[in-house]
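This report describes selected helices, the nonpolar cores and the ring contacts of one model. The sequence and coordinates come before the discussion.

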Amino acid sequence: MASMQEQNWDLESGDCIQKETSSSSQTPSSSILSSSFLRRRPNQERPPVGMFKQFLNNLRLVFLGTKLCVLIPAIPLAILGQCYGFMTRQWIFALSLLGLAPLAERMSFLTEQIAYFTGPTVGGLLNATCGNATELILALFALRERKILVLKYSLLGSVLSNLLLVLGSSLFLGGLANLKMEQTFDRKQADVNSLLLLLGLLCHVLPLIFGNSVEPQLLDDMDQNSVVWLSRTSGILMLVAYGAYLFFQLRTHRQFFEAEGEDEDELSENEAVIGFWSAFIWLVAMTIIVAILSEYVVGTIEAASDSWKISVSFISLILLPIVGNAAEHAGSVIFALKNKLDITLGVALGSATQISMFVSWHNSALQVPVSVIVAWTMGIPMDLDFGLLETSCLGFSIILTAFTLQDGNSHYIKGVVLCLSYAVIAACFFFHKMPASESLYQR
């Protein structure tokens, strides 16, 4: 049957709406499906009518509609502990970090709800822009406090986490769950993301080489300023590249990024369950809460490092990205278990590309260029020289991921290699001790 009548309840008015659905309609992209499997199915009964009952219904959907809701009590505990001072700073850091995990998933959910009302193009751009809002807000607070190294490590850690940990664990568990079948994926999407990641790597390597091409005793303020201006120029060009990537993804070659082969049960979950303005108001409220917790995390990271005897570099590079990407990580693994590697790649590689290209950021490459440009407007001389050790880890991770995906098929040993690579990098920065605390503010 080409089309059929479908009944839906409008949660804003309580009215029954009939609409036609076509069996040939486009399937949702990976950005829409990235965390849908973390959510509980909404009750299909008629929603309650009335503003108060509607508010309670939205409250249930927003806060209890995720399996990460068990971490939500950490949010008020962190705020109360900070306001009334009955907790040590390291506990405020831990609770704030835990509270960011469900907020990141819920912000992604609300962004997707808004995207249903704005059309595919605007919706895709909205998902691309807000998909990693938690990491972006955290980065901006670190920038405001002028903790440049914390900012750089958290951005680098988000890329490494998506490339090695998220993708590696997805390929490993997906391979084990599908031992008797070959897991394949469309190489076109992986090739596009790999090219953008290599461009981002070039923009990180050049400032590093440029800064080390002059003998330290001959390095003057003009040479240091040249590294900063090279980084700003590279940041602008990375934003141009990411704009071209969005046009390529959302307009000219959408078929490369669309999820194919989804069954009807999965597609039926991808419908708006709350109204546009409700989703918008909740998104604004959660953004404010994320900003509060991010300020706590940035302000207490040194206290946590001193108390737990763990280097700030390990906390920034490993712990912060793992918590920020928890929802994406779980969604990516679930899709791999269902042998849907194209969606897994859209989540993992897309996020890594977004962070590397937009903040120096698809849901994690854009944030690197954005941070450089924002620092420029604030008069902070942030550059793209992340250091020899850090840039080497980034380079090897991108090359290793590109080799892993070059043949268009996967098995669990590829996931093992990526996960072990992440473990090696984590061990390296666990033993890597930062110098004095003032070095957090500038390399």
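Where is the place of Lys147? Lys147 lies in the loop between α6 (133-144) and α7. The model is a predicted one.

Lys147 has a relative accessibility of 4% and counts as buried, because the cut-off for burial is under 20% relative accessible area. Lys147 and Gly299 are 152 residues apart in sequence, yet their C-alpha atoms are 9.8 Å apart in space.

Helix α6 itself has 12 residues, which at 1.5 Å a residue should span 16 Å. The C-alpha atoms at its ends are 16 Å apart, in agreement with that value. Of the 12 residues of α6, 10 are buried, so the helix is largely enclosed by the rest of the structure. The buried residues of α6 include Ala133, Leu136, Ile137, Leu138, Phe141 and Leu143; also among them are Thr134 and Glu135.

**Helix α2**

Helix α2 (residues 51-64) has 14 residues. From its first C-alpha to its last, α2 reaches 19 Å, close to the 20 Å expected at 1.5 Å a residue. Which residues of α2 are buried? They are Gln54, Asn57, Asn58, Leu61 and Val62. Seen down the axis of α2, these buried residues fall within an arc of 125°, so they line one face of the helix. The cover over the buried residues of α2 includes α4 (89-118) and α11 (276-308).

In soluble globular proteins, nonpolar side chains tend to be buried together. The largest nonpolar core here has 85 residues, and those with the most contacts inside it are Phe93, Leu110 and Leu317. Helix α7 (residues 148-177) supplies the largest share of this core, 14 residues.

Leaving aside neighbours within four places in sequence, Leu110 is in contact with Val62, Ile274, Ala279, Trp282, Leu283 and Met286. Of these contacts of Leu110, Val62 is one of the buried residues of α2. A second, separate core has 6 residues, including Leu196, Ala241, Tyr242 and Leu246.

**Ring contacts**

A search of the whole structure finds 9 aromatic pairs. Two of them are listed below.

| Pair | Geometry | Centre to centre | Angle between planes |
|---|---|---|---|
| Phe117 and Phe276 | edge-to-face | 6.2 Å | 75° |
| Tyr153 and Phe429 | edge-to-face | 5.8 Å | 75° |

Phe117 lies in helix α4 and Phe276 in helix α11, so their pair ties together parts that are 159 residues apart in sequence.

Definitions and conventions:
Residues numbered from 1 in each chain as written. Predicted model: local features only at pLDDT ≥ 70, side-chain atom pairs only at ≥ 80, totals over all residues. Heavy atoms only, no water. Helix = DSSP H or I, 4+ residues; strand = E, 2+ residues; numbered from the N terminus. Expected span 1.5 Å × (residues − 1). Buried < 20%, exposed > 50% of the residue type's maximum accessible area, 1.4 Å probe, protein only. Arc of directions from axis to C-beta. Contact = heavy atoms within 4.5 Å. Core = buried A, V, L, I, M, F, W, Y, C linked by side-chain atoms within 4.5 Å. Phe/Tyr/Trp six-rings, centres within 6.5 Å; stacked < 30°, edge-to-face > 60°.
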